[in-house]
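Colleague: Hi! Could we go through this model together, a bit at a time?
Modeller: Happy to, here it is.

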Amino acid sequence: AAERAVKLCNRYFGIGADGLVYILPSERADFKMRIINSDGSEAEQCGNAIRCVAKYVYDNRLVDRDAITIETLGAGVQPVQLEVEGGLVRRV
């Protein structure tokens with residue numbers, strides 16, 4: 001994962017990004033989130049990333065509840081509340 005992140009995140013030879021976010025199965029929560037920074041290190045948590053993950057899993061019908069949990073490396077299992085309007089997440 002680290003090598004892939006370094007290659008993909010390269011602004012000159014890859015897609016250019018601050019890092020990659022993986023959405024994975026979890027034994028402790030609805031989903032597990034891993035964040036690999038552009039230098040290959042792993043981040044413990046990211047508020048913006050957890051909001052993006054929550055919106056993605058709901059809008060893509062991977063979950064159908066407005067209260068979910070996401071496991072993170074450094075902050076453990078985080079509860080996430082979704083505000084849904086018209087079948088899509090408007091606020092996390």
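This is a predicted model: local features need pLDDT of at least 70, side-chain atom pairs count only at pLDDT 80 or more; totals for chains, interfaces and linings use all residues.

Colleague: Which residues does E71 touch?
Modeller: Leaving out residues up to four places away in sequence, E71 touches S26, E27, R28, A29, F31, K32, M33, G76 and V77. Contact here means heavy atoms within 4.5 Å. With R28, there is also a side-chain polar contact of 3.5 Å.

Colleague: Let's zoom out. How many helices and strands does the chain have?
Modeller: The chain has two helices and seven strands. Helices (H or I, at least four residues) and strands (E, at least two) are DSSP runs, numbered from the N terminus. Along the sequence, the pattern reads α-β-β-β-α-β-β-β-β.

Colleague: And what does the C-alpha trace span?
Modeller: Along its principal axes, the C-alpha trace spans about 40 × 25 × 20 Å. Of the chain's 92 residues, 29% count as buried.

Colleague: What sits in the largest nonpolar core?
Modeller: That core has 16 residues, and M33, I68, I70 and V80 have the most contacts inside it. β2 (31-37), α2 (47-59) and β4 (67-72) are the elements that give it two or more residues. The largest share, six residues, comes from α2. A nonpolar core is a set of buried Ala, Val, Leu, Ile, Met, Phe, Trp, Tyr and Cys residues joined through side-chain atoms within 4.5 Å. As background, nonpolar side chains tend to be buried together in soluble globular proteins.

Colleague: What does V80 touch?
Modeller: Not counting residues up to four places away in sequence, V80 touches I50, A54, D66, A67, I68, I70 and V92. There is also a second, separate core of five residues, including A5, C9, A17 and L20.

Colleague: Tell me about α2. Which of its residues are buried?
Modeller: In α2, the buried ones are A49, I50, V53, A54, V57, Y58 and D59. Their cover includes β1 (19-24), β2, β4, β5 (76-81), β6 (83-85) and β7 (88-91).

Colleague: What span should α2 have?
Modeller: At 1.5 Å a residue, its 13 residues should span 18 Å, and this agrees with its end C-alpha atoms, which are 18 Å apart. The expected span is 1.5 Å times one less than the number of residues in the helix. Just after α2, R61 takes a positive phi of about 60°.

Colleague: New topic: where does UniProt place the "active site" feature?
Modeller: The UniProt record, an unreviewed entry, places it at C46. UniProt positions are given in the numbering used here, feature names are shortened, and annotations may be inferred rather than shown by experiment. In the model, C46 is in the loop between β3 (42-43) and α2.

Colleague: Why does C46 count as partly exposed?
Modeller: Because its relative accessibility is 31%. Apart from neighbours within four places in sequence, C46 is in contact with M33 and I35.

Colleague: Last one: what's going on at Q81?
Modeller: Q81 is in strand β5 and is partly exposed, at 48% relative accessibility. A polar atom of the Q81 side chain lies 3.1 Å from the backbone oxygen of D66. Apart from neighbours within four places in sequence, Q81 is in contact with D66, A67, R91 and V92.

Technical notes:
Residues are numbered from 1 along each chain as its sequence is written. Side-chain values use heavy atoms; hydrogens and water are left out. Buried means under 20% relative accessible area, exposed over 50%, partly exposed in between (1.4 Å probe, protein chains only). A polar contact is a pair of N or O atoms within 3.5 Å; within protein, one must be able to donate a hydrogen and the other to accept it, and residues adjacent in sequence count only if both atoms are side-chain atoms.
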